[in-house]
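Here is a friendly walk through this fold, from the overall layout down to a single residue. Have the structure open as you read.

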Amino acid sequence: MSGKYVDIDMSEFKEFFGSLERAAKGEFRKELELFLEGVGFDFLRVVQDEIVRKKVMDTRLLLASFEKGSDGNVWELTDGGLTLEIGTNVEYAKYVNDGHWTNPKGVSQRFVPGDVEFGEDGKIIKFTYNPAAKSGMMLKQHWVEGKHYFDSALRIFNKIFKASAEVKVQEWLDRYFGG
């Protein structure tokens, strides 16, 4: 295209990117960090609700591990506070969610020491694991279906988050960029 030129007016883009840079350094970034932290708390609440709704048998350790700052909780803000990793380090959480075999592969039954309470009909009504107990129970090999509480919480949260994120993004556009 010898001898022909195109003149592009970038002044509007320059103004937009200037607004974006000012917002990123100031109040907008703080709002974004607070929003992300709120998202984390909302997700933990949904996971806890699903643990309760699906009647996960637990000593409260699993439920409590989905609270910020509790034993087993994972709550990491990275990249200047713009990436949030949340979850649990409770070892058995995956087994409860996904399902598991009662015994290792190739083991048909195993003894588990513990304290056993029997009902009037002779059936076990309560078992408490106790490695020092002389009593206990034999576990036969079988599959324990998972409760899928985490998967369910993700599906629920994705629906909630999509709607709230759209509203929040529009609010930020209107406030910071006159959208």
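## Overall layout

The protein chain holds five helices and seven strands, where helices (H or I, at least four residues) and strands (E, at least two) are DSSP runs numbered from the N terminus. Along the sequence, their pattern reads α-α-α-β-β-α-β-β-β-β-β-α.

This is a predicted model, in which local features need pLDDT of at least 70 and side-chain atom pairs count only at pLDDT 80 or more, while totals for chains, interfaces and linings use all residues. Residues are numbered from 1 along each chain as its sequence is written, and side-chain values use heavy atoms, with hydrogens and water left out.

## Surface and contacts

Of the 179 residues in the protein chain, 26% count as buried (under 20% relative accessible area, 1.4 Å probe, protein chains only). Contact means heavy atoms within 4.5 Å. Among contacts with a separation of 6 or more, 62% join residues 24 or more positions apart.

## Helices H2 and H5

Take a look at H2 (residues 27-53) and H5 (residues 149-177): their axes come within 9 Å and cross at roughly 160°. Axes here are lines fitted to C-alpha atoms over the stretch in contact, with angles running from 0 to 180 degrees between N-to-C directions. That makes H2 roughly antiparallel to H5 (the term applies to angles over 145 degrees).

## Ser152

Ser152 sits in helix H5 and counts as buried, at 5% relative accessibility. Beyond its neighbours within four places in sequence, Ser152 is in contact with Glu50, Arg53 and Lys54.

How values were computed:
Angles under 35 degrees count as roughly parallel, over 145 as roughly antiparallel, 65 to 115 as roughly perpendicular and the rest as oblique. Buried means under 20% relative accessible area, exposed over 50%, partly exposed in between (1.4 Å probe, protein chains only).
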